Amino acid sequence: MKLVQEELRRYNRQMMVPEIGEKGQQKLKGAKVFVAGVGGLGSISSYYLAAAGIGHLTIVDKDNVEWSNLNRQIIHWTKDIGEEKTHSAMQKLQNLNPNCSIRAIQAEITEDNCRELIGDCSIIVDGLDNMKTRRILNAVSIKNKIPFIYGGVHQLDGLVSVFIPDKTPCLECVFPFDADESDPAPQGILGPVPGVIACIQSIETVKLILGFKALLTGRLLCFCAYDMSFREFKINKNPQCPACGNL
Ligand SMILES: [Zn+2]
C-alpha cells in the first residue's frame, strides 16, 4: 500500500532500518491487527502499533477506566475515569496517528462473537487479563490459522511467546486447562512490567507482518523484574493438546 507524503516523513527513521525500508512500511500500512483488551498490555501494544504505522487496528475491551488502572494502562488518563476504555484508547490512537484506522468495540469477547470481532484482521495480539478469554482466542486462532501473540503479566513477572497455527505449539500446549483460573482475583502489578511485555509483543507483530523468520516461536520468554533477567524456555507441541492436537 503506497505511502503519502506525510507518512514518508512520519516513518522516516523506521524506514531507515534496512530490514524495513519503504517496502516494509507499505506492508505495515496494509496490515490489520486485532488487539484484545486495552488494559496494561493492550494500551501499550496498540499505541506502538499505531505509531509504527499499522494500517488498521481493531481494539476490543469490555471495561471502563478505573483509578486502579492508571499505574500501568497509560493510554488512559485521569480525565478518562469512568469512560469506556475503547473510547478512551481510540481518541489517543487517532490523535497519535490519524493515518491508522481504528475500529473500537466495547464488548466482552465470547465464543459466540470472537470470530466476528476479529473480522479480517490477520494477527491477534493478546492484551487480556484472564486465561478463559485467551483460550477462546486461541481456539479461533487455530481454527482460522491466525497467529496469536501471547503476553501475560503478574506482579514483577511477564511471559511472552508467538503461537503460529500448524507451525508452533499453541497456548493450550503450554498452559493446559487449570480449574482454578476461571475467576481470577485482581493481581498486583508493577506498572512498567506490562510495558516491557507489550513492547515485545508489538515488535513480534511488526516482524511477523514483515516476514522476519527469527520470531519468538517455540520459545516462552520469561521476564523477571526482581532480578532483571530474561530466561527462555523451549516449548513443544503437545500431540494430545485439546486445542491443536488433531491438526
Ligand atoms: Zn496446542
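## Ground rules and overall make-up

Helices (H or I, at least four residues) and strands (E, at least two) are DSSP runs here, numbered from the N terminus. By that count the protein has 9 helices and 8 strands.

This is a predicted model, so local features need pLDDT of at least 70 and side-chain atom pairs count only at pLDDT 80 or more, while totals for chains, interfaces and linings use all residues. Residues are numbered from 1 along each chain as its sequence is written, and side-chain values use heavy atoms, with hydrogens and water left out.

## Size and packing

The C-alpha trace spans about 50 × 40 × 40 Å along its principal axes.

Of the 247 residues, 52% count as buried, meaning under 20% relative accessible area with a 1.4 Å probe, protein chains only. Take the contacts (heavy atoms within 4.5 Å) with a separation of 6 or more: 66% of them come from residues 24 or more positions apart.

## A look at Ile164

Ile164 sits in the loop between strand S6 (157-163) and helix H8 (171-174). Ile164 counts as buried because its relative accessibility is 15%.

Who are its neighbours? Leaving aside residues up to four places away in sequence, Ile164 touches Pro147, Leu208, Leu215 and Thr217. As for Ile142, 22 residues away along the chain, its C-alpha atom is 8.0 Å from that of Ile164.

Key:
Buried means under 20% relative accessible area, exposed over 50%, partly exposed in between (1.4 Å probe, protein chains only).
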